[in-house]
Structures are given as structure tokens and as C-alpha cells.
Amino acid sequence: MVQYASPTLDLSFAALSDATRRGIIDQLGRGDASITGLADRFQMTLTGMKKHVQVLERAGLVITQKVGRVRICRLGKRGLKAEAEWIEAHRRLFDARFDALDEIISDMKREASDE
């Protein structure tokens, strides 16, 4: 069996599969935030937020830095280029298949109207 393994994509898509983590990415897109600030914003315990941030860190989507007693979160430098390219390639594949299906349906309609 052929397997398509991409640890980077696997970690990213797993991290982004959770609505809270996507919300964290959105929030950090507006500016850096402390874990405490994020926990307050999402009405979550500090422990729960730390776990979400750790998942995003492992995926390289978020970077944290300890400043005094506060841990500051910011978007990672890696971005989502590889993920966007993967999605775009599969979007084109789906578009091509739907175009082919549209052509088959058009042919069937023409044949039905000719009869």
C-alpha cells in the first residue's frame, strides 16, 4: 500500500482541525498575545490554552517566548505555504473532475434531446 506521509502537513492539518486553535491563529494574526490573554479571550482555563498553544507550536504555526513571568505567543515564521499549495493542487484536481462530469452530463442531455 502506498502511503503519502508528510509530517509537516500532518501536524499542521491536525493542529488546524480544532476550531479553538484556528481562532488562536486568527487572534495572533491581529497581534501577539499572552497565554493568559488568550485563555481569557476564549473563556478557557490556562491549562487548556497551554495545551492548544503547544499543539500549534509543534506544528510550527506559533512561537512562544517567555518575557519575565509571561509567555507571549506570536505567529510562527513558517506560515502556511505548503498547506496552501497542497490544498490548491487538490482544488484543481476536483475542478477538473467536476468539469469532466459537467461535460458528460451535457453530452447526455444532447443525446436525449436528439432522440
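Glu83 belongs to helix 5. Is Glu83 buried or exposed? Its relative accessible area is 2%, so Glu83 is buried. Here buried stands for under 20% relative accessible area, exposed for over 50%, and partly exposed for what falls in between, using a 1.4 Å probe and protein chains only.

A word on what you are looking at. This is a predicted model, in which local features need pLDDT of at least 70 and side-chain atom pairs count only at pLDDT 80 or more, while totals for chains, interfaces and linings use all residues. Residues are numbered from 1 along each chain as its sequence is written, and side-chain values use heavy atoms, with hydrogens and water left out.

Now step back to the whole protein. Its secondary structure consists of 5 helices and 3 strands, and along the sequence they follow the pattern α-α-β-α-α-β-β-α. Both kinds of element are DSSP runs numbered from the N terminus: helices are H or I with at least four residues, and strands are E with at least two. The C-alpha atoms fill a box of roughly 80 × 35 × 25 Å along the principal axes. The radius of gyration is 22 Å, whereas a compact globule of 115 residues would have one near 13 Å. That radius is taken over C-alpha atoms, and the globule rule is 2.2 Å times the number of residues to the power 0.38. Of the 115 residues, 23% are buried. Among contacts with a separation of 6 or more, 47% join residues 24 or more positions apart.

Two strands count as paired if DSSP finds at least two bridges between them. Strands of a sheet pair through backbone hydrogen bonds, either parallel or antiparallel.

Strand 2 (residues 62-67) and strand 3 (residues 70-75) are antiparallel and share 6 bridges. Along this pair, Ile63 faces Arg74 across the strands, and Gln65 stands opposite Ile72. The hairpin that these strands make has 2 residues between them, and Gly68 takes a positive phi near 65° there. Strand 1 (residues 33-34) also runs antiparallel to strand 3, joined to it by 2 bridges. There, Ser34 stands opposite Ile72.

Which residues of helix 2 are buried? They are Arg21, Gly23, Ile24, Ile25, Gln27 and Leu28. Their cover includes helix 1 (7-16), strand 1, helix 3, helix 4, strand 2 and strand 3.

Follow the chain onward to helix 3, where you will find Thr36. With a relative accessibility of 43%, Thr36 counts as partly exposed. Thr36 and Met49 are 13 residues apart in sequence, and their C-alpha atoms are 8.1 Å apart in space. The loop between helix 3 (35-41) and helix 4 (46-58) holds Gln43. Although Gln43 is not a glycine, it has a positive phi of about 50°. Gln43 counts as exposed, at 77% relative accessibility.

How many aromatic pairs does the whole structure contain? A search finds 2. The ring centres of Phe94 and Phe98 are 6.5 Å apart and their planes meet at 40°, so this pair is tilted. Rings of Phe, Tyr and Trp (its six-membered ring) pair if their centres lie within 6.5 Å, and planes under 30 degrees apart count as stacked, over 60 as edge-to-face and the rest as tilted. Phe94 and Phe98 are separated by about one helical turn, because they are 4 residues apart in helix 5 (residues 81-114).

Methods
Contact = heavy atoms within 4.5 Å.
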